[in-house]
Amino acid sequence: MSTPPLQRPSEHPTIAWTLFAALAAGGLITGDAYLASLLTKAMILALAAISLDLLIGRAGLVSFGHAAFLGLGAYTAGIAIEEGVEETLTILALTVAVSAGFAAITGAIALRTAGVYFIMITLAFGQMLFFAASALSQYGGDDGLTLWSTSTLLGTGVMQSDGGLFLVILAMLALGWLVAGRLAASRFGRVLAAAKEAEVRVETLGFDPFAYRLAAYVIAGVIAGVAGFLLAHEAEFVSPATMAWQRSGDLIIIVLIGGMGTRNGALIGALAFVGLEEGLARVLDEWRLVFGPLLILLVLFARGGLSSAIDAGLRRREAAA
């Protein structure tokens, strides 16, 4: 897989953010709680997908256990609230610390492998965390943990109101999107991309690919952990299923649908994934039989993802004008 150029038309923010703004405005105008819920879910998945794309699209590291960080962030928030910690910033700091620690330890081991071995060891770490969460009988075990209340932000109920939580999630997504863009355009991102293509040449230039990949792995883990923190507040429920390998597969599909190596790809991919999932579920009882093949067709024929397809369509329109 070749690394996409750092500057490309699909990286322009207009396309993806216009979609989010239009859906958000529609939900606010109509007061449609269902639409707002779908958009909130899409934003959380988009944030997690942005973090995974940092590994797949930039560093060439396909992690099949990335949902472990999503679940780890959710459980850190859930357990902290259950134990009486009420301040959002304190819980968020705990989430960042726990996610970074787990990423540093597992990444230092996993990154000593490559290719299919890296895929399998990240899957193993993810399943290890899944079974550990299932064994936490004090916090619901297999049944999950229901949060009867959520945290307060500086003594206010912002995180406890639907509108306030929506804005917080939107702000976190925008921050993650900006951080991903800065990293991709920085020397850090260029070294990652170069190491993906020619590791030996990068080493001869005096850079340590392992250190850069480990840093990327930790950053991606932290961003996914923050997405899990938001998921716990949005669902008011934490379950081991959040960190199952199937959810990691969903995140990979979102990255592929949207387009690897593009921040907007994660946004568009998440919207498409949630829209297809919910739309088919409303029409068909056995919607998964259609959902799987449809995703395969999108990946096969929308080369470069939906963001590139939209980009190509815009260029053809401009050329015809």
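Predicted model: local features only at pLDDT ≥ 70, side-chain atom pairs only at ≥ 80, totals over all residues.
Student: OK, and what does the secondary structure come to?

Tutor: The protein has 13 helices and two strands, taken as DSSP runs (H or I of at least four residues for helices, E of at least two for strands) and numbered from the N terminus.

Student: What percentage of the residues count as buried?

Tutor: Of the 321 residues, 50% count as buried, a word that stands for under 20% relative accessible area, with exposed meaning over 50% and partly exposed the range in between (1.4 Å probe, protein chains only). As for contacts, meaning heavy atoms within 4.5 Å, 78% of those between residues at least 6 apart in sequence join residues at least 24 apart.

Student: Let's look at α2, where does that one bend?

Tutor: Helix α2 bends by about 35° at Leu52, the bend being the angle between axes fitted to the seven residues ending there and the seven starting there. Its 26 residues should span 38 Å at 1.5 Å a residue, and the end C-alpha atoms are 36 Å apart, which agrees; the expected span is 1.5 Å times one less than the number of residues.

Student: Switching topic, how many salt bridges does the structure hold?

Tutor: There are four salt bridges, each a side-chain nitrogen of Lys or Arg within 4 Å of a carboxyl oxygen of Asp or Glu. Side chains of opposite charge can pair when their charged atoms come close.

Student: Which salt bridge does Lys41 form with Glu277, I mean what's the N to O value?

Tutor: The side chains of Lys41 and Glu277 meet at 3.0 Å, N to O, and this pair links distant parts of the chain, with Lys41 in helix α2 and Glu277 in helix α11 (residues 263-283), 236 residues apart. Lys41 is partly exposed at 26% relative accessible area, whereas Glu277 counts as buried at 15%. Lys41 also forms a salt bridge with Glu278, where the closest N and O atoms are 3.9 Å apart, and Glu278 is again in helix α11, 237 residues from Lys41.

Student: What about Arg247, which residue does its side chain meet in a salt bridge?

Tutor: Arg247 meets Asp250 at 3.4 Å, N to O, and the two are separated by about one helical turn because they are three residues apart in helix α10. Arg247 is partly exposed at 23% relative accessible area, while Asp250 is buried at 19%.

Student: What else is buried in α10?

Tutor: Besides Asp250, the buried residues of α10 include Leu251, Ile252, Ile254, Val255 and Ile257. Just after α10, Gly259 takes a positive phi of about 125°.

Student: Last topic, how many aromatic pairs are there?

Tutor: The search of the whole structure finds seven, counting rings of Phe, Tyr and Trp (its six-membered ring) whose centres lie within 6.5 Å, with planes under 30 degrees apart called stacked, over 60 edge-to-face and the rest tilted. The rings of Phe64 and Trp245 have centres 6.4 Å apart and planes at 35°, so that pair is tilted. Phe64 lies in the loop between α2 (33-58) and α3 (67-82) and Trp245 in helix α10 (residues 245-258), so the pair ties together parts 181 residues apart in sequence.

Student: Which residues do ring pairs link into a cluster?

Tutor: Those are Phe69, Phe102, Phe118 and Tyr217.

Conventions:
Residues numbered from 1 in each chain as written. Heavy atoms only, no water.
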